[in-house]
Amino acid sequence: MILKNDEAEIMRGAAFTKKILNWNRYENNRQMPWKGEKDPYKIWLSEVILQQTRVEQGLKYYQNFIAAYPNIDALAAAPEEKIFKLWEGLGYYSRCRNLIQTAKFISKEMEGVFPQAYETILSLKGVGSYTAAAIASFAYNLPYAVLDGNVFRVLSRIFAMEIAIDSTKGRKDFSLVAQRLLPPKKAGEYNQAIMDFGAVICKPVPLCDDCFFNKQCLAYLSGKQDLLPVKAKTIRIKKRWLNYFIVQCNDEVLIQQRTEKDIWQNLFQFVLIETPNGLKPKTLLPLLDKQLGINSFSILNEWSQEQKLSHQTICFHFLQIKIEKRLPVQNHTWMKFSHLQNLAFPTTLLQAMQKIRVGSLQ
DNA sequence: AAAGCGTGGGG
DNA sequence: TCCCCAAGCTT
């Protein structure tokens with residue numbers, strides 16, 4: 001094992017590093033707008049957007065953000081509502097909250113100058129070990145190895161590392177190996193290369209026939225490439241039942257902002273009654289009266305749909321209702337439909353809006 | 001330290 | 001359809 005400083009493993013590591021740099025220089029065709037970028041602000045932004053997110057999905061968001069906020073002071077000065085609107089649909093909204101917090105911190109406390117030391121970068125909200133290493137190596141060529149899903153996959157195969165990547169020991173081992181392989185003077189170049197290699201060749205379903213390292217890859221040599229990397233945990237998918245009442249009166253609708261530490265924190269929504277299981281509409285309507293005092297209305301539209309998330313399946317029930325009197329409702333605000341486009345909503349609620357708009361035109 | 005956090009694409 | 005996964009981080 002490379003962890004024991006075994007001679008063969010050290011040689012294998014050195015050969016890999018050399019070959020991957022060569023592959024990157026002459027054969028890697030992967031292009032992304034932030035590649036070769038030296039502005040730490042843009043690198044930071046791209047890295048945060050790409051956390052647990054596919055390049056194809058994040059690309060448009062990156063372009064929109066750069067166009068709207070070309071530097072960190074611009075981002076820090078922007079109304080939070082607008083920033084969330086730009087983030088809408090990208091998911092993991094804590095990233096957006098942390099983005100805002102960090103932008104303001106750097107703009108106000110550090111005179112708009114992005115920190116240049118790894119430890120300081122790491123201390124920023126929303127920046128963990130991966131993102132700190134990426135920024136440090138790409139912007140300043142500091143010798144910190146990135147460890148992301150690509151690198152876990154590549155290293156687990158090259159060295160047939162069977163320890164679970166989602167265990168504490170596993171992360172530690174992989175981190176050590178990754179750092180050992182990094183050529184200190186070519187940190188940025190190498191980090192980019194190994195991630196591209198993982199994205200282009202050593203993919204979840206790997207293209208071993210096309211791989212420059214298949215004669216030395218321990219997983220391939222033993223036919224275990226499809227079994228690596230190993231994960232220990234299996235996630236349990238829970239169910240939730242969200243009953244949304246789209247309560248409208250003339251050209252206005254009742255909305256509220258989600259403030260709890262829960263999914264979609266900071267985003268907006270319609271009147272919500274969450275139930276511990278799926279309820280029939282007949283049992284739902286009394287709740288609407290009891291909890292919010294809404295009891296006189298006509299039903300315009302009603303439907304159900306599901307949204308599958310990583311950790312839960314959400315069963316939505318929508319009820320679009322119209323009331324004649326614009327009564328105040330606790331913790332909710334009446335808002336014109338035309339203003340909703342300025343607020344960030346969860347994707348499924350956007351779909352619901354689209355649906356009732358189409359419906360109203362018929 | 002395990003659990004929670006979104007969305008979309010691919011096998 | 002279902003499960004995995006995607007440039008992870010926070011509490």
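The following legends describe close-up views of a predicted model.

**View 1. Protein surface around DNA strand B.** Around DNA strand B there are 22 residues, of which Lys238, Ile263, Trp264, Gln307 and Ser310 come nearest. Within 4 Å of the protein, 51% of the atoms of DNA strand B belong to sugar and phosphate. The surface near DNA strand B is made up of 7 nonpolar, 11 polar and 4 charged residues.

**View 2. Polar contacts with bases and phosphate of DNA strand B.** An N or O atom in the side chain of tyrosine 92 is 2.9 Å from a base oxygen of DNA strand B. For histidine 311, a polar side-chain atom lies 3.4 Å from a base nitrogen.

**View 3. The hairpin of strands S5 and S6.** Strand S5 (residues 298-308) and strand S6 (residues 312-322) run antiparallel and are joined by 10 bridges. A hairpin of 3 residues connects S5 to S6. Glutamine 307 stands opposite isoleucine 314 in S6; glutamine 307 is also one of the residues that come nearest to DNA strand B.

View 4. Helix H2 (residues 40-50) is largely enclosed by the rest of the structure, because 10 of its 11 residues are buried. Among the buried residues are Tyr41, Trp44, Glu47 and Leu50. Their cover includes helix H3 (55-68), helix H4 (72-77), helix H5 (80-87), helix H6 (94-109) and helix H8 (129-140).

View 5. At the N-terminal end, aspartate 39 caps H2, with a side-chain oxygen 2.9 Å from the backbone nitrogen of tyrosine 41. Glutamine 52, which follows H2, has a positive phi near 55°.

Notes. Residues numbered from 1 in each chain as written. Chains lettered and ligands numbered in written order. Predicted model: local features only at pLDDT ≥ 70, side-chain atom pairs only at ≥ 80, totals over all residues. Heavy atoms only, no water. Near = heavy atom within 4 Å. Polar contact = N/O pair within 3.5 Å; in protein donor to acceptor, adjacent residues only side chain to side chain. Nonpolar A, V, L, I, M, F, W, Y, C, P; charged D, E, K, R; others polar. Pairing = 2+ DSSP bridges. Helix = DSSP H or I, 4+ residues; strand = E, 2+ residues; numbered from the N terminus. Buried < 20%, exposed > 50% of the residue type's maximum accessible area, 1.4 Å probe, protein only. Contact = heavy atoms within 4.5 Å.
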